[in-house]
Amino acid sequence: MDEACDEVVLEEAMKGHRIAAGLFVPFVIGRLRGSSPKTEALFTVHLRDIGEQGTQQRQLRLQWSPKSGVSLPFGVQENTVTEWAALGMASVIVWRYAGLHIRDVTIPGEKFDYWVNGGNEDFGLEVSGTMMGDVESRHGEKVRQLRENPAGRGGYVVVTGFLTREVIFSYNCFEGAAS
Amino acid sequence: MNEHRAPGISRQGLDSAFEARETLKANLLLEAKLLLDLQSVDEAVPKLVQAAEIEEELASICAEKGLREKAWIHASSAAFCWARVGNFHEAFRVGKELLADDQLPLKLRRQMETLTDSIQARRVHWASEPKLALV
């Protein structure tokens, strides 16, 4: 079955956020391009309860300028590159598919949390990326983590598989989880 | 856009000045995180200190406007920022202020209790540490 292909320019998507999301661009390109001169990547995006209840699947062609990448090593561990690249992908996905803007960052203990804004309300956002093929199980793990958030509210999860070129973006409601 | 979603955390009545401070703080935390990932702790600490101060300011504004949940989130973030830079006195103070609120949700209460109990245990240890004796 033919699926519509959504085209997004990475650098443009980063402008749709309150935070300085441009910081994530070189990490996204580093993860998607590797040592090749590529300037685009094709993803399958699984939307779960986004915009409407149920599951949808989209194709996303993500493009970037060759000038936005960095050729030098990042000076951070590989898993850190993946983490920052995942934040970049989440910035693209929440903006493109839910019209949300990343507005805030907090430090609960050892991990950072992100808040996205839709109108006059903030929603939690859990982000993860993987270089393995475990996108589905990682998504389940992040949903459980979101459920444990101290605010006890539902929110969004974005998990990117950089190897498998797929993204799961879900909205998760936890009725009665407030306490 | 998501008509089926449950209500989020209200930010009703917050103005552009608040948003500007919130954005400044968010970017300070992002920069601090990148610096910590690069092992540049000395450069990250001043950013975390500034972020902690702004978090407290944001929490106070939210509380004044009756945005209780948002106030809790900013205050708890402030407590953890203070703890991350080693300012346990401020972390403990903010944590205890949160715990004094009898409406604090259970999960957040547990998180703050863990933080303040941990600081209290360290205080007891340091107070009895001979190498740290002042005289």
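This is a predicted model: local features need pLDDT of at least 70, side-chain atom pairs count only at pLDDT 80 or more; totals for chains, interfaces and linings use all residues.

Author: Who does B:Glu22 touch, if we skip residues up to four places away in sequence? From chain A there are A:Arg103 and A:Asp104, and from chain B there are B:Arg11, B:Leu58, B:Lys70 and B:His74. So much for that residue.

Now for another place where both chains turn up: the largest cavity, with a volume of about 160 Å³. The structure has 3 cavities of 30 Å³ or more. Around the largest one sit 16 lining residues, and nearest its centre are A:Trp115, A:Pro150 and A:Ala151 along with B:Ile73 and B:Ser76. Helix H3 of chain B gives the largest share of that lining, 5 residues. At least two lining residues each come from that helix (68-84), from helix H5 (106-127) of chain B and from strand E5 (113-118) of chain A.

Over in chain A, there's a nonpolar core to look at. The largest core has 86 residues, and A:Leu10, A:Leu32, A:Leu62, A:Leu125, A:Tyr156 and A:Phe169 have the most contacts inside it. Its largest share, 12 residues, comes from helix H3 (residues 78-98) of chain A. Take A:Leu125: leaving aside neighbours within four places in sequence, this leucine contacts A:Val94, A:Ile102, A:Tyr114, A:Val116, A:Tyr156 and A:Val158.

In the pair made by A:Tyr156 and A:Tyr171, the ring centres are 5.2 Å apart and the planes meet at 55°, so the pair is tilted. A:Tyr156 is in strand E7 (residues 155-161) of chain A and A:Tyr171 in strand E8 (residues 166-172) of chain A, so their pairing ties together parts 15 residues apart in sequence. Ring pairs also bring in A:Phe123 and A:Phe169, giving a cluster of those two with A:Tyr156 and A:Tyr171.

Last, a couple of charges over rings. A:Arg96 has its charged end over the ring of A:Tyr97, 5.2 Å from the centre. In chain B, the charged end of B:Arg123 sits over the ring of B:Phe92, 4.1 Å from the centre.

Note on methods: Residues are numbered from 1 along each chain as its sequence is written. Chains are lettered from A and ligands numbered from 1 in the order in which they are written. Side-chain values use heavy atoms; hydrogens and water are left out. Contact means heavy atoms within 4.5 Å. Rings of Phe, Tyr and Trp (its six-membered ring) pair if their centres lie within 6.5 Å; planes under 30 degrees apart count as stacked, over 60 as edge-to-face and the rest as tilted. Helices (H or I, at least four residues) and strands (E, at least two) are DSSP runs, numbered from the N terminus. A charge sits over a ring if NZ of Lys or CZ of Arg is within 6 Å of the ring centre and within 35 degrees of the ring normal. A nonpolar core is a set of buried Ala, Val, Leu, Ile, Met, Phe, Trp, Tyr and Cys residues joined through side-chain atoms within 4.5 Å. Buried means under 20% relative accessible area, exposed over 50%, partly exposed in between (1.4 Å probe, protein chains only). On a 1 Å grid over the protein atoms alone, a cavity is a set of points where a 1.4 Å probe fits but cannot get out, and a pocket is an open set with protein on both sides within 12 Å along at least five of seven lines; lining residues have an atom within 4 Å of a point. Grid points are joined across faces, edges and corners, and a volume is the space filled by probe spheres set on the points.
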